[in-house]
Amino acid sequence: LFGTLMGIAISVRQAWGFTVAGLLILLAGGPQFISSTYTLWNWTMLLGQILDRAIRRDALPRLLPYLVVNSWAIFTSFNVVALIHPFHFRELANRLQYSMSRFHFMNTLGHFVPPLILTFWFFLLDPQRLQGACEWTSIVNLRFASLGYHFLWALRVGGGLRLDHVYLKRPKQQWYISWFVAAITHFFVGHFVDLQCRQAAILR
């Protein structure tokens, strides 16, 4: 069932509407079959896009622009809490029963590696393939789509923006700061990625 959800959600073999439907199925079944954390959802979509590229060498990674934006938003919103509450990482490591070195390794792997991989992949595309990868961004707004899916996940797993039972109980203002940073990242990185997509269309 997990493989089915991932395949439906990530496949870019059909029109964009089919992938949107698949992502909504992932939204419905993800907490039960994957995890409640958005980090693992993002990794699922990333691995699905990589596998699709490995299987179909000529496939255009049409989710790539959205995943670039999404991954940077996850990175900034997760790590900003440690700036306003220095003990956040230690408290979270204690809850997970991790040593601090293991926690920092998992944080790097889960939150920093994906945006690096995706950004590197994005800039490796030549103008023609980049334009193809960006095809859906003219139909489904890059910034609003990535932010909207992030919010839908929060509503699905937590019923709102406070996700104490998913991660760690935190004062509400810390959650709001985290979400503010996430929204800013979705919009600013989304704007930058969108500019690259438009430039690719001009250069082609």
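Biologist: Which residues do ring pairs link into a cluster?
Modeller: Tyr38, Trp41 and Trp153 are linked in this way. Keep in mind that this is a predicted model.

Biologist: How many aromatic pairs does a search of the whole structure find?
Modeller: The search finds 11 aromatic pairs. A pair is described by the distance of the ring centres and the angle of the planes.

Biologist: Why is the pair of Tyr38 and Trp41 called tilted?
Modeller: The ring centres are 6.5 Å apart and the planes stand at 50°. Pairing needs centres within 6.5 Å, stacked needs planes under 30 degrees apart and edge-to-face needs over 60.

Biologist: Where do Tyr38 and Trp41 lie?
Modeller: Helix α3, residues 38–55, holds both. Tyr38 and Trp41 are 3 residues apart there, about one turn of the helix.

Biologist: What makes Tyr38 count as buried?
Modeller: Its relative accessible area is 1%, and buried means under 20%. Tyr38 therefore counts as buried. Trp41, with a relative accessible area of 0%, is buried by that cut-off too.

Biologist: What makes Phe75 and Phe112 an aromatic pair, and why is the pair called tilted?
Modeller: Centre to centre the distance is 5.3 Å, with 40° between the planes. The distance is within 6.5 Å, and the angle lies between the limits of 30 and 60 degrees, so these rings form a tilted pair.

Biologist: Which parts of the chain does the pair of Phe75 and Phe112 link?
Modeller: Phe75 is in helix α4, residues 64–84, and Phe112 is in helix α6, residues 100–124. They are 37 residues apart, and the pair links distant parts of the chain.

Biologist: Are Phe75 and Phe112 buried, partly exposed or exposed?
Modeller: Phe75 has 23% relative accessibility and Phe112 has 31%. Partly exposed covers values between the buried limit of 20% and the exposed limit of 50%, so both residues count as partly exposed.

Biologist: How many cavities of 30 Å³ or more are there?
Modeller: The count comes to 1 cavity. About 240 Å³ of space lies in the largest cavity. It is lined by 17 residues, and the closest to its centre are Ser77, Phe78, Tyr167, Trp175 and Ser178.

Biologist: Which element gives the most to the lining of the largest cavity?
Modeller: That is α4, with 4 residues. Elements supplying at least two residues are α3, α4, α5 (88–96), α8 (142–158) and α9 (172–203). By class, the cavity lining has 10 nonpolar, 6 polar and 1 charged residues.

Biologist: What lies nearest the centre of the largest pocket?
Modeller: Thr37, Thr39, Leu96, Met106 and His111 do, out of 17 lining residues. The space in this pocket is about 410 Å³. Two or more lining residues come from each of α3, α5 and α6, and α6 gives the most, with 6 residues. The pocket lining divides into 11 nonpolar, 5 polar and 1 charged residues.

Biologist: Why does Gln174 count as buried?
Modeller: Gln174 has 10% relative accessibility, which is under the limit of 20%, so it counts as buried. Gln174 is found in helix α9.

Biologist: Which residues is Gln174 in contact with, leaving aside its neighbours within four places in sequence?
Modeller: They are Val81, Ile84 and His85. Gln174 and His85 are 89 residues apart along the chain, while their C-alpha atoms are separated by 8.3 Å.

Biologist: What joins the side chains of Arg62 and Glu135?
Modeller: A polar contact of 3.1 Å does. The cut-off for the N or O atoms is 3.5 Å, so this distance is within it. The two residues are 73 apart in sequence and 6.9 Å apart in space, C-alpha to C-alpha.

Biologist: Where is Arg62, and why is it called buried?
Modeller: Arg62 is in the loop between α3 and α4. Its relative accessibility is 17%, under the limit of 20%, so Arg62 counts as buried.

Biologist: How many helices and strands does the protein chain have?
Modeller: The chain has 9 helices and 0 strands. Of its 204 residues, 49% count as buried. Among contacts with a separation of 6 or more, 74% come from residues 24 or more positions apart.

Definitions and conventions:
Residues are numbered from 1 along each chain as its sequence is written. This is a predicted model: local features need pLDDT of at least 70, side-chain atom pairs count only at pLDDT 80 or more; totals for chains, interfaces and linings use all residues. Side-chain values use heavy atoms; hydrogens and water are left out. Rings of Phe, Tyr and Trp (its six-membered ring) pair if their centres lie within 6.5 Å; planes under 30 degrees apart count as stacked, over 60 as edge-to-face and the rest as tilted. Buried means under 20% relative accessible area, exposed over 50%, partly exposed in between (1.4 Å probe, protein chains only). On a 1 Å grid over the protein atoms alone, a cavity is a set of points where a 1.4 Å probe fits but cannot get out, and a pocket is an open set with protein on both sides within 12 Å along at least five of seven lines; lining residues have an atom within 4 Å of a point. Grid points are joined across faces, edges and corners, and a volume is the space filled by probe spheres set on the points. Ala, Val, Leu, Ile, Met, Phe, Trp, Tyr, Cys and Pro count as nonpolar, Asp, Glu, Lys and Arg as charged, and the others, Gly among them, as polar. Contact means heavy atoms within 4.5 Å. A polar contact is a pair of N or O atoms within 3.5 Å; within protein, one must be able to donate a hydrogen and the other to accept it, and residues adjacent in sequence count only if both atoms are side-chain atoms.
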